[in-house]
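Please look over the sequence and the model together before reading on.

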Amino acid sequence: MFSLPPLPTTWDGYHPLVVHYPIALLLTAPALIVLALILHRHRHPLNLAALVIMAIGVAGAWVALSTGEAAEEFVDEVGAIKTILHEHEEAAEMAWKTSLLMMVLFAGYTFVPWMMRKDWPRKVTVFAGVVFLIGYSIPCLAVANAGHLGGRLVHEQGVRARLTGGAAAAPEAAPSEQGEDDDR
């Protein structure tokens with residue numbers, strides 16, 4: 001029979017559950033902006049949709065940061081884990097801050113013409129959109145880097161989230177030792 005998996009019982013346990021949403025949303029928004037540049041007649045609803053997706057992605061990134069900081073308290077920061085964890089945290093903060101800044105800039109790009117009750121000429125709209133997309137590559141790269149580093153923590157170092165109120169799951173064995181055990 002179909003049943004939902006149990007939800008984590010602690011805030012830190014939500015990190016693996018929530019972290020993928022902002023990644024998907026923040027990396028999807030540029031596709032809508034490109035569509036708005038191509039389909040000029042539909043640019044207003046497409047830009048508004050991109051802005052909503054960015055806003056939800058930025059809010060989700062804040063939640064992911066919050067749950068990640070809570071989860072960090074339960075990780076034994078030794079060796080490579082300490083270095084990768086620090087880089088992951090820095091990349092995630094960079095992704096959130098730059099995404100927030102770009103969202104505010106895009107809100108201006110979207111709403112200033114509407115508030116002035118005057119559309120910009122198509123060349124200006126396209127030029128500003130392309131410049132924005134070039135700038136938006138910064139948070140996209142930060143998101144991708146944070147995701148990659150998070151993946152390294154999980155798949156290379158064996159770091160796991162606490163899904164219940166107990167202790168965090170420790171790595172069972174170093175990656176090289178796991179490979180040796182599999183060969184026996």
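Is Phe132 buried or exposed? With a relative accessible area of 8%, Phe132 is buried, where buried stands for under 20% relative accessible area, exposed for over 50% and partly exposed for what lies in between, with a 1.4 Å probe and protein chains only. The model is predicted, and local features therefore need pLDDT of at least 70, side-chain atom pairs count only at pLDDT 80 or more, and totals for chains, interfaces and linings use all residues. Residues are numbered from 1 along each chain as its sequence is written, and side-chain values use heavy atoms, with hydrogens and water left out.

The protein chain has six helices and zero strands, and its pattern along the sequence is α-α-α-α-α-α; helices (H or I, at least four residues) and strands (E, at least two) are DSSP runs, numbered from the N terminus. Of the 184 residues in the protein chain, buried ones make up 37%. Among the contacts with a separation of 6 or more, 77% join residues 24 or more positions apart, a contact being heavy atoms within 4.5 Å.

Once its neighbours within four places in sequence are set aside, Phe132 is in contact with Ile33, Met54, Met102, Leu105 and Phe106. The largest nonpolar core has 24 residues, of which Leu26, Ile33, Met54, Phe106, Phe132 and Tyr136 touch the most other members; such a core is a set of buried Ala, Val, Leu, Ile, Met, Phe, Trp, Tyr and Cys residues joined through side-chain atoms within 4.5 Å. At least two residues of this core come from each of helix H2 (20-38), helix H3 (43-72), helix H4 (79-116) and helix H5 (122-155), and H3 gives the largest share, seven residues. Apart from this core lies another, of eleven residues, which include Leu65, Leu85, Ala91 and Leu153.

The structure holds six aromatic pairs, counted when rings of Phe, Tyr and Trp (its six-membered ring) have centres within 6.5 Å, with planes under 30 degrees apart taken as stacked, over 60 as edge-to-face and the rest as tilted. For Phe106 and Phe132 the ring centres are 4.9 Å apart and the planes stand at 45°, so this pair is tilted. Because Phe106 lies in helix H4 and Phe132 in helix H5, the pair ties together parts that are 26 residues apart in sequence. Phe106 is itself buried, at 0% relative accessibility, and one aromatic cluster is formed by Phe106, Tyr109, Trp120, Phe132 and Tyr136.

Charged side chains come next. Side chains of opposite charge can pair when their charged atoms come close. The structure holds two salt bridges, a salt bridge being a side-chain nitrogen of Lys or Arg within 4 Å of a carboxyl oxygen of Asp or Glu. In one of them Asp119 pairs with Arg43, with 2.4 Å between the closest N and O atoms. Asp119 lies in the loop between H4 and H5 and Arg43 in helix H3, so this pair ties together parts that are 76 residues apart in sequence. Asp119 counts as partly exposed, at 41% relative accessibility, whereas Arg43 counts as buried, at 10%. Glu156 forms a salt bridge with Arg152, with 2.9 Å between the closest N and O atoms; Glu156, at 35% relative accessibility, counts as partly exposed, and Arg152, at 26%, counts as partly exposed.

Leu48, Val52, Ile56, Phe111, Trp114 and Met115 make a nonpolar surface patch of about 630 Å²; patches consist of residues with over 30% relative accessible area and no salt bridge, with like charges joined within 9 Å and nonpolar side chains (Val, Leu, Ile, Met, Phe, Trp, Tyr) within 5 Å. H3 and H4 are the elements that give two or more residues to this patch.

Two buried positions complete the tour. Thr67, in helix H3, is buried with a relative accessible area of 0%, and, its neighbours within four places in sequence left aside, Thr67 is in contact with Trp11, Asp12, Tyr14, His15 and Val18. Arg162 is found in the loop between H5 and helix H6 (175-183) and counts as buried at 9% relative accessibility. Arg162 and Thr10 are 152 residues apart in sequence, while their C-alpha atoms are 7.7 Å apart in space.

Terms used
Areas by Shrake-Rupley, 256 points an atom, 1.4 Å probe, with all protein chains shown as cover.
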